[in-house]
Amino acid sequence: MFKRSGNPLWRFPGVAPTALVVFAYLYLPIVVLIGYSFNENRLATIWTGFTLDWYAVVLNNPDILRAARNSLVVASTATLIATLAAIFAGLCMTRDRFRGQQGVNAVVALPLIVPEIVTAVATLLFFVIVGIRLGLISVIIAHTVFCIPFAYLPIRARLQGMDPRLEEAAADLYADPWRAFRRVTLPLLWPGILSGAMLSFIISLDTFVITYFVAGAGATTLPVYIFGMIRIGITPEVNAVSSLMLLVSIAFVTLSVLIGRIRR
Amino acid sequence: MRSTAEAAIETRRLTKVFEGPGGGVRALDAVDLVIRENEFFTLLGPSGCGKTTLLRLIAGFEQPSEGELLMRGQPIAHQPPHRRPVNTVFQSYALFPHMSVAQNIGFGLEMQGRSRAEIAETVERMLALVKLEGLGPRRPTQLSGGQQQRVALARALANRPQVLLLDEPLSALDLKLRKEMQIELKRLQHETGITFIFVTHDQEEALTMSDRLAVMSEGRALQVGSPTEIYEHPTSRFVADFIGETNLLTARLSGRDAQGVRFALDAGGELRGLEDGGHEDGARVTLAVRPERAELAAAAAGGEGLEARVEQVVYFGTDTHYHLRLADAATPFVVRRQNRSGALGGFEAGAAVSLGVAAEAVRVLQD
Amino acid sequence: MLARLARLPLLRRALLLGPALLIIGVFMVLPLFLMAYVSVLERGISGGVQWGRHTTEAYVRFLFERDLMDNLVVNVDYLRIFARSFTLAFITMAVSLAIGLPTALYMALQPARWRNLLIFLVTIPFWTNLLVRNYAWILLLRDSGLANGAMQWLGLTDDPIRLLYTPFAVGVGLTYSFLPFMILPIYASLEKLDLRLVEAAYDLGADKRRALTRIVLPLALPGIVAGCILVFIPALGAYITPELLGGSRQLMIGNLIQGQFGAARNWPFGAALAFVLLTIVLLSMMVYLLRFRRAPGQA
């Protein structure tokens, strides 16, 4: 669409106010939550003063730290495996033509389509029946499954955007397939890989329902821990740790977008 | 029978079929071709004729469906591209955007394991060869189209391949640059002695640059020869029509005598030719006459030439085109006359003229 | 030798696609089939299942219950929960559409620089923790929360109004959770719109309303439909929002399912419910793909 703003022809009544309300709606809770995390008052709603105490409490709580560590371990491992699987699959799907490609797309997209609660139930039943103990490993496995499509999409997009002639040129210039991949494909693909890995990481960090079902004792991740805290009651510590999670997610998304802008 | 060991590239019944819904596409249909060492050889034809497919088969990016592909007598059809002593200049240049110009040019040498010193020296030499000295550290995106094209050329030549493949390398350049590069390429081929296989759809380009060329259509090589042969002696309607402008006349082979072969034109009148194109007496044939090989004179009753009337006169500065209708008032004929004495001495629209075609100028097509 | 092997197209494909397909196949597709199988098993004494004992009890339970004499009596409790879920999901979709469409339109009409920023702003909530975002609504909607505080301060009411643990709260939470899923597809559709078509409409005498309804909306339809599906389906299977904002009275399908694996300990029933939900979702996706996307891969 061309630049038309300012031209009264394109001002539809009610559109701008609605948009304003919507953006306020989207960010109000986030702002309020972060705001309250600095509230000195224990009885959250009335503002009495600015403090970082709640953050200090949170960051010194061994349970929270352990949950955070678990979250990071799960997210890192799941991301690593998922990104590798996504790279291989992406290379195959974009550099080859064969029947059944639609089927592969469908399978890879499956974790995105199936409702989270259904996946959680199915995965739990699978682990119990097959006899896999519920613990950190089970969580990692479950996370890897849905991290794959999130890593796959940016990688595939980046591969499709690459000129296929570049790899032919490399072969033409005496590079065998492995060296062509390492010297030409990989450097150009790298932003896509980073982007996919970061998205996958964030998704894993934020996932609650599936983790809730398949985490055993000692495998609590941060979202599951927060859920437990909320169940017990509203406390400023919950505000603080929730705000932390929010800020981490926002930071990651911003980074991912910025990386996506490089070498467009 | 020429020894095929001399041939830089030889194809024997080379065929390529692309699978697709509703039957495949025969991009190449049993092509037999011999390309000699140190030749500037052109594959010429409209889009879809198979010339690019043939190039890609030689480079190794596609596998043939049937037939053989030989290089200096050795079959190479199943060698992967990185093992063939062949380099390609791509239509879109395909320069590695994340490497500098120097790294691009040196890439092939790097892959072959040459020493750093040797690579650096060769890169410098190549930059000088294509007149891009000093641009080594730049990135391809910082260069103009013409400069990128020359980098692509240098990158390929740096490896001293046995055969250099060029896939319509000049199509993205503007006219002036194109003409310059045509001369450049010709010079480079001469200097390096490498066999160039050049793909284009521009027949003028093909005629000016090639030692020999192959005119292709619908997956087949219709005629192979030097530019002169192709232009002067086209063997089929397609070739006659594709290369330059031609007048095509349908006729019947009416007889032979000491002075040559006689043809009775459908449009009325008679022409003499020196060849029969392989046809029998009484056969229906198509004759081809180049517009610049025909003569115009004022109409004279009982004269030797064909009767015709000028329908339109188009002035081109260097020459004038006369669009005629022959005696049947229907068949068109174009005569091109150089404006030797300026615009004087021409004919006007509506004038009756006498059209003369020497026997040497009459081509009998084989189809 | 590996290189030579790697050139065999079939083997190459198998090796490259293998990891992703195996992981998803073994740890997702297989479990789904397993879940379907569990739904026709008999319930174990203290949770779990009894292998080898098959029954359709779970599905029967959905609609009926057995009275003291073991006769089947219609039980609408579960149906009610399903109905509530569908209604809430539908309302969520409708509200999202009503406020999302103008927002997307606004975004599409901005100059490029602003547009990227707006897209970024809409995308961020999408990537943050759903649990945390819904928790924030608890802060806002509870009796001592911001909403009540504001209303009391404005003098609209003296006593706090019960906002939390109502269908209203769940609706607000669901809409909040999935609004970006409505805005982004519609925006994508609108962005591809050629404004000159609208100018042509103006030129031919259409007023703004007509231009909107006859040109803009029909051309944005693919995005609208996509957005509706992307909101409806997750809303239908939502767990977090009804759990946090609905309390024990506003059960949706998700909570019902979770309960079977928690306190109620009826795994086959839980599996059956999940299977029914899955079927509904898959059928909707198939209808969508067949009707609205002529060839896969076309937007």
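I count two residues as in contact if their C-beta atoms, placed from the backbone, lie within 7 Å. With that rule, I looked up the pairs of chains: two pairs are in contact, and chains A and C share the most contacts of the two.

**Ground rules.** This is a predicted model, where local features need pLDDT of at least 70 and side-chain atom pairs count only at pLDDT 80 or more, while totals for chains, interfaces and linings use all residues. Residues are numbered from 1 along each chain as its sequence is written, with chains lettered from A and ligands numbered from 1 in the order in which they are written.

**Chain A by itself.** I went through the secondary structure, taking helices (H or I, at least four residues) and strands (E, at least two) as DSSP runs numbered from the N terminus. Chain A has eleven helices and zero strands. Its C-alpha atoms fill a box of roughly 70 × 65 × 30 Å along the principal axes. I then checked burial, where buried means 20 or more other C-beta atoms within 10 Å of a residue's own, exposed means 12 or fewer, and partly exposed is in between, again with C-beta atoms placed from the backbone. Of the 264 residues in chain A, 48% are buried. Among contacts in chain A with a separation of 6 or more, 78% come from residues 24 or more positions apart.

**A against C.** Here 77 residues from chain A meet 76 residues from chain C. Helix α1 (residues 15-37) of chain A gives the largest share of chain A's side, 13 residues. I sorted residues by class: Ala, Val, Leu, Ile, Met, Phe, Trp, Tyr, Cys and Pro are nonpolar, Asp, Glu, Lys and Arg are charged, and the others, Gly among them, are polar. Chain A's side comes out at 61 nonpolar, ten polar and six charged residues.

**One helix pair across A and C.** I picked helix α10 (residues 222-232) of chain A and helix α6 (residues 130-141) of chain C, whose axes come within 10 Å and cross at roughly 20°. The axes are lines fitted to C-alpha atoms over the stretch in contact, with angles from 0 to 180 degrees between N-to-C directions. So α10(A) is roughly parallel to α6(C), given that the label covers angles under 35 degrees. Which residues meet there? A:P223, A:I226, A:F227 and A:I230 in α10(A) meet C:L131, C:V132 and C:Y135 in α6(C). By class that contact has seven nonpolar, no polar and no charged residues.

**A against B.** I found 15 residues of chain A in contact with 16 residues of chain B. On chain A's side, α7 (164-172) and α8 (177-206) each supply at least two residues, and α7(A) gives the largest share, six residues. That side has nine nonpolar, no polar and six charged residues.

**B against C.** No contact joins these chains, and their closest C-alpha atoms lie 10 Å apart.

**Strands of chain B.** Strands pair if DSSP finds at least two bridges between them. I traced an open sheet of four strands with antiparallel pairing, in the order β2-β1-β4-β5. Its edge strands, each pairing on one side only, are β2 (25-36) and β5 (74-75) of chain B. Two bridges join β4 (residues 66-71) to β5(B), and B:M71 stands opposite B:Q74.

Then I looked at β6 (residues 86-89) of chain B, which runs parallel to β7 (residues 163-167) with four bridges between them. B:T88 stands opposite B:L165 in β7(B). B:V86 and B:T88 point one way from β6(B), B:N87 and B:V89 the other way, and all are buried.

Notes. Parallel < 35°, antiparallel > 145°, perpendicular 65-115°, else oblique.
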